[in-house]
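Hi everyone, thanks for coming. Let me put the structure up on the screen, and then I'll walk you through it.

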Amino acid sequence: MKFYVTTPIYYVNDVPTVGHAYTTIACDTLARYHRLRGDDVLFTTGTDENALKVVRAAEVQGLPPQAFVDQMADRFRRQWEELTISYDEFIRTTEPRQHRAVQTFFDALYRSGDLYLDTYEGWYCVSDETFFREEELIEGRCPNPECGKKVEWVSEPAHFFRLSKYQQPLLGYIEEHPGFLLPEFRKNEVVSFISGGLRDVCVSRRASWGIPLPASMPDSEGFVVYVWADALVNYLTCAGYPDDSARFEHYWPADVHVMAKDIFVRFHATLWPAMLMSVGIALPKRVVAHGYWTQGGEKISKSRGGAVPRPGMVLDQIMAETGCTRLRAVDALRYHMLREAPFGQDGEFSMEALLGRYASDLANDLGNLLHRVLPMIARYRQGRLPEPCAPDPELHPAAKRAAEGWDRAVATLDFRGGLEAIWGFLAVANRYIDKQAPWSLAKAGEEVALDQVLYSAAEAIRIAACLVSPVMPNTAAEIERQLGLQAWQREWDQASAWGLLPGGLAIGEPAALFPRPELAGIEKAGRPTVGTGRAAKPLEERQMISFKEFQKLDLRVGEILSAEPVAGADKLLKLTVDIGGEQRTMVAGIALAYKPEGLVGKRVVVVANLEPATIRGVRSEGMILAGWVKGDDTSISIVSPERPVPKGSTVS
Ligand code: ME8
């Protein structure tokens, strides 16, 4: 099976943001997954360099356009390498192969009778590189809500493409191919856009920077191809068009074009399929639009002023906050972005949420699995894996469910759903270790059972590495190294298989996978590490309370009976706590440090006589105590009695 996946080719007027990184990471994940399945993958990305806004950006920098685009394309390439993007082709639209492809394509458009010369009179938004009619403008500006920039009047001879001719063929095609456009609600936008009437579009400009119209076309002198009509053809060029027809026949049509909603309706779901219909080339199998990454509700964009989150900055911050390596930070960013936003919807980008996921999902769920099991193999079995045992009746089916869950979810690019399925397996694996308590088996001298549990737990780790590898390739390789699997040939089927680890395998050198800040001993200015506590002020500076005042506090031991997220609040959990014959609802800001399911049954210390308050519509009747580094919600650690005491016991 072949699998051809594309990112948009990005404008090089500025360096990439986390928004560009997201599309590229999503496509990389698809490419890696399909390679693991043994598919022949073509994964392409690149840069869109023939735009007017690129020429203007070069002018601002005082550079000739070619020197400017060379420099910027290089920055994109380096950025993708840093994020371990495994592209097969990086195309630049200034390359000769793109010139040949675009000219061949335009020649074919002309021969199909769909190009004609006329005069364009209307508006052009340079930022969006889009032509607009007077009635489309909003208060005389670009109607795109994320742009709203001033538009320029254009009155010049231009070539038009007969888009209007394709209104019915496009609607028919969309109806007959239900999987062509995703998600469904965006497909409806496309249908209403096309049904609203299509006008012929201008596809050439009088300019010197860009790809000249083919000389074979009459009246081509002095014209270059409109940047969008040029850029879309990159998808054909990367597959071998027009020079390598065997390669082109093999890879085309693309299996999926991925992009954000900004360039979906007008360009990828309307203009592109219509142009392909015109020249008689098959349409891509699937065109998919995801939502925007926002900050403060506004789209993160290169042209927006202020601090725009760039991938490099984000990696620096993850490393500074956690003490992890750069490759681990790369994987944390990749994981967070795919897990956070439901595909198709907008997602708010926040470092706080990213670090929360780092602590709970990566350091706790994934990292702990490894760090609990490998030291026990070292300690109880001198670092050598016991012999393979029969498939564990809990772990093996759970692994299969996770792999199938990912397969199903990823077919519709539901990365979040796919990762939830995988994290379901990690929860089963962690529970397995709790339940089997290998440390107790060791104490009791139950050697056969201990062998079985250690082997099964190691298999669970091997499977986890395989499952997470499309999203976190660097972490998967590091887990395998720590297991002792150097140069392991990973395949997707191995996630559902059992017993692949050879008995007697010598496990590798352990190292913290996702170190936690408190372990890395990171000291922030004015911010002590967790555990060392805030430096105490001299006694006389502190506000003192009398013993009598202290006695007013009704502190009691409680047990958490249930925990669930509070809708619309990232940090809050709604808890039901039994404080000794009485059940209370409490809202606690601990969601970045604890998962609801891990809290049930936990003993906590509660302020039982705190005035009730309504938080996000939930009445909270008390407060649970926790230690934390002020300002760092991921550092929260609940106060729990050191030894079992009955619920309702007084704390004083
Ligand atoms: O449109 N959220 O290039 P471009 C999500 N050259 N995705 C985002 C994003 C955000 N805040 N910001 C950028 C172009 N993206 C054309 C494409 S293709 C034939 C030509 C991603 O540099 C997303 O994939 O403006 C979006 O569609 C793309 O970058 C736009 O990149």
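First, the ground rules. This is a predicted model, where local features need pLDDT of at least 70 and side-chain atom pairs count only at pLDDT 80 or more, while totals for chains, interfaces and linings use all residues. Residues are numbered from 1 along each chain as its sequence is written, and side-chain values use heavy atoms, with hydrogens and water left out.

So, the ligand. Of the 25 residues around it, I9, T23, D48, I300 and K302 come nearest; being near means having a heavy atom within 4 Å. By class, this shell holds 14 nonpolar, 7 polar and 4 charged residues. Here Ala, Val, Leu, Ile, Met, Phe, Trp, Tyr, Cys and Pro count as nonpolar, Asp, Glu, Lys and Arg as charged, and the others, Gly among them, as polar.

Which strand gives the largest share of the shell? That is β1, with 4 residues. Helices (H or I, at least four residues) and strands (E, at least two) are DSSP runs, numbered from the N terminus.

Now some polar contacts, meaning pairs of N or O atoms within 3.5 Å. The side chain of T23 has an N or O atom 2.7 Å from a ligand oxygen, and D262 places a polar side-chain atom 2.8 Å from a ligand oxygen. A260 takes part through a polar backbone atom, 3.0 Å from an oxygen of the ligand. On its own the ligand has 680 Å² of accessible area, and the protein covers 96% of that; these areas come from the Shrake-Rupley method with a 1.4 Å probe.

Next, helix α12, residues 326–340. Of its 15 residues, 13 are buried, so α12 is largely enclosed by the rest of the structure. Buried means under 20% relative accessible area, with a 1.4 Å probe and protein chains only.

There is also an open sheet of 3 strands, ordered β14-β13-β15 with mixed pairing. Its edge strands, β14 and β15, each pair on one side only. Two strands pair if DSSP finds at least two bridges between them; β13 and β14 are antiparallel over 2 bridges.

Finally, the backbone. Cis peptide bonds join Y241 to P242, with omega about -5°, and W252 to P253, with omega about 5°. L413 has a positive phi of about 60° although it is not a glycine, and this residue is buried, with a relative accessible area of 3%.

Terms used:
Buried means under 20% relative accessible area, exposed over 50%, partly exposed in between (1.4 Å probe, protein chains only). A polar contact is a pair of N or O atoms within 3.5 Å; within protein, one must be able to donate a hydrogen and the other to accept it, and residues adjacent in sequence count only if both atoms are side-chain atoms.
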